[in-house]
Amino acid sequence: CTMTSPIDFLLSRQSNGNLTEPAPNKGELEQILQSAMSVPDHAGLTPWRITVVEGDARQTLANAYVASVKAGGADEAKLAKAERMPFRAPLLVIVSTSYQEHPKVPKIEQSIAAGCAVHAMQMAAVALGFNAMWRTGDLAFCDVVKQHLAIETENDIVGYLYIGTEARTLPNKPRKSFSEVTRYL
């Protein structure tokens, strides 16, 4: 086993949507979830909520997706795709916002903090030997799905984090240079 430095870990990490069993065990999942509690969080608001979906609960989520797609008048192919989506990985962690009124912490900062929570959990999953894919898509912006997940419509689904063991290893993706997006004053 080759140990990777933290910086090498960050520079080489990549998402992999080819996920299968096993999922993290209870202790590993708790470490992943706890990692969300260490992100930057102005005023300590914890403006996110986490929903864990595993096992048979994936079918409940599939039902919510299908209800959403049906409400949009989709065809059979889209319905079938929506029903399969929760089964892309053995474990899903859904992160939604929990916006709070605060004089110094605008909504955008709270949304970013929730996004940081997703990122921290993704990094924790990879650090534990799993992989994860952060997804959004139309179903992250759907009130029907929010209703099924007991998320208030004024809040946002920041991401669906699919977690599992890599079913196949992907080739290293090319990295863009920071110089393309960086300037110095």
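Asn131 stands opposite Gly164 in strand E5. The model is predicted, so local features are taken at pLDDT of at least 70 and side-chain atom pairs at pLDDT 80 or more, while totals for chains, interfaces and linings use all residues. Residues are numbered from 1 along each chain as its sequence is written, and side-chain values use heavy atoms, with hydrogens and water left out.

Helices (H or I, at least four residues) and strands (E, at least two) are DSSP runs, numbered from the N terminus. Two strands count as paired if DSSP finds at least two bridges between them. E5 covers residues 157-166.

Eight of the ten residues of E5 are buried, where buried means under 20% relative accessible area, exposed over 50%, and partly exposed in between (1.4 Å probe, protein chains only).

Tyr160 belongs to E5. With a relative accessible area of 1%, Tyr160 is buried. Contact means heavy atoms within 4.5 Å. Leaving out residues up to four places away in sequence, Tyr160 touches Tyr65, Val93, Ile94, Met133, Trp134, Arg135, Thr136, Leu139, Ala140 and Val145. Arg135 is 25 residues from Tyr160 in sequence, but their C-alpha atoms are 5.1 Å apart. A polar atom of the Tyr160 side chain lies 2.8 Å from the backbone oxygen of Leu139. A polar contact is a pair of N or O atoms within 3.5 Å; within protein, one must be able to donate a hydrogen and the other to accept it, and residues adjacent in sequence count only if both atoms are side-chain atoms.

**The nonpolar cores**

A nonpolar core is a set of buried Ala, Val, Leu, Ile, Met, Phe, Trp, Tyr and Cys residues joined through side-chain atoms within 4.5 Å. In soluble globular proteins, nonpolar side chains tend to be buried together. The largest core here has 22 residues, and those with the most contacts inside it are Trp48, Val93, Val95, Met121, Leu161 and Ile163. Two or more residues come from each of helix H2 (26-35), E3, helix H5 (107-127) and E5. H5 gives the largest share, eight residues. Apart from this core lies another, of 21 residues, including Ala82, Leu92, Leu149 and Tyr162.

Leu161 touches Leu91, Leu92, Val93, Val118, Met121, Gln122, Ala132, Met133 and Trp134, again not counting residues up to four places away in sequence.

Helix H3 (residues 57-71) has 15 residues, which at 1.5 Å a residue should span 21 Å, and its end C-alpha atoms are 21 Å apart, in agreement. The expected span is 1.5 Å times one less than the number of residues. Among the buried residues of H3 are Arg58, Leu61, Tyr65 and Val69. The buried residues of this helix pack against strand E2 (48-54), helix H4 (76-84), E3, helix H6 (143-148) and E5. Gly73 follows H3 and has a positive phi, near 75 degrees.

Lys146 is found in H6. This lysine counts as buried, at 4% relative accessibility. Beyond its neighbours within four places in sequence, Lys146 is in contact with Ala140, Ile151, Glu152, Thr153, Asn155, Asp156 and Ile157.

**Loops**

Pro22 lies in the loop between E1 and H2, and the peptide bond from Glu21 to Pro22 is cis, with omega near 0 degrees. Ala43 is in the loop between H2 and E2. Its phi is positive, near 70 degrees, in a residue other than glycine. Ala43 is partly exposed, at 45% relative accessibility. Thr46 is also found in the loop between H2 and E2. Although not a glycine, Thr46 has a positive phi of about 45 degrees. Thr46 is partly exposed, with a relative accessible area of 23%.

**The chain as a whole**

The chain has six helices and five strands, in the order α-β-α-β-α-α-β-α-β-α-β. Its radius of gyration is 18 Å, close to the 16 Å that the globule rule gives for 185 residues, so the chain is as compact as a globular protein of that length. The radius is taken over C-alpha atoms, and the rule is 2.2 Å times the number of residues to the power 0.38. Of the 185 residues, 39% count as buried.
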